[in-house]
Amino acid sequence: MSASLETQSVEDRLKRLQELTEFTENCKKQLDDIFETLGWSRDYKESNQEEVEQCPYDPNHRVPARSMEKHKTSCRLRKMGYLAEEQAGMFDPSVCYENSSVRSFTMDKNTQHQVILQARSAAPLMRMEGVFWQGQYSGQPVDVPQTHKRAVCDLTVADRLALYDHVVSVFSQQKETASSSNDDLYVDLVSKLQKNEEQNEPKTHLELMAEMRDYKRRRQSYRAKNVHITKKSYTEVIREVINVHSEELSRQWREEENEEESTRSELSSHRHRLDERRSASSESHHSHSRRHRSRERSQDRESKKKRKKKERDSRSPDDHHHDRKKKKKKKKEEREKEK
């Protein structure tokens, strides 16, 4: 029984294998027919296929080699948390300074962290006025910010000041080294050449270059520097002289006019002040005379009143009664006349 079962299983496997081979051959034939109708070949894709590289920031990304650098920058920024809108607003400023003498400095994460730690160790432990203390510095390493907004959010004021001081010190050192390399330009070459001529020593490359420079300058100095005068006629030269003198005379005339105008303005201001003082004095005089007159009038009125009182007191009651009658008669007559 066991032998018969084994033979059946082997036969079944052979049948399955034969079916699979037939199926694969049939599929190959169909593919060959499709390639023939389209005019393609199986080796076309392999020959023209572009090389693909793996992204160092994400192993699942496979990008063509020609666009790998662009993909690296965008993928790195995406891993740092920058959105597509923020990436669209970024640009590399190094392109603007390729053919210029402007120096640039590239900051990486490690140097940024080291600079902040050095500034933090040099800062005081306790809080002090006008100085950043250690609590105002960040202790954990932070990615180098690519935008101003991220710099303000990720770095403190003390961190930004420390990074600024570090960049300034680096550029100052570069400037000192560049100035030290240009010391040969400030050497007194004339004295050196004279000493060498006396000592009859072989000349250096720098001295030979200085001699060539002086030779070129000498050739230029022998040329006529006053060509604009030598090529002009007599009338043109005289015309220029007259123009120069006329300009000088006009300038002096303008200065004299300005001085006269300044003196006139000073005199007019002085006269105006005198007139104001006179008007003020006359007004004070008139007011004083008015007061004096009013006082005199008031005194005359008071004297008249006193006289009337005395006259009334000196009269008898009959006289007073007679005066009242006279006044009444006068009033009656006036009323009748009015009617």
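I worked with a predicted model, in which local features need pLDDT of at least 70 and side-chain atom pairs count only at pLDDT 80 or more, while totals for chains, interfaces and linings use all residues. Residues are numbered from 1 along each chain as its sequence is written, and side-chain values use heavy atoms, with hydrogens and water left out.

I then examined E248, whose side chain meets that of R251 in a salt bridge of 2.2 Å, N to O. E248 and R251 are 3 residues apart in helix α11. R251 counts as partly exposed at 37% relative accessibility (buried is under 20% relative accessible area, exposed over 50%, partly exposed in between, with a 1.4 Å probe and protein chains only). E248 is also partly exposed, at 35%, and E255 is partly exposed at 40%. Salt bridges with shared partners join E248, R251 and E255 into one network.

I noted 3 salt bridges in the structure. One of them pairs D143 with K109 at 3.2 Å, N to O. This pair links distant parts of the chain, 34 residues apart: D143 sits in the loop between α5 (109-122) and α6 (148-154), and K109 in helix α5. I recorded D143 as partly exposed at 32% and K109 as partly exposed at 39%.

Notes
A salt bridge is a side-chain nitrogen of Lys or Arg within 4 Å of a carboxyl oxygen of Asp or Glu. Helices (H or I, at least four residues) and strands (E, at least two) are DSSP runs, numbered from the N terminus.
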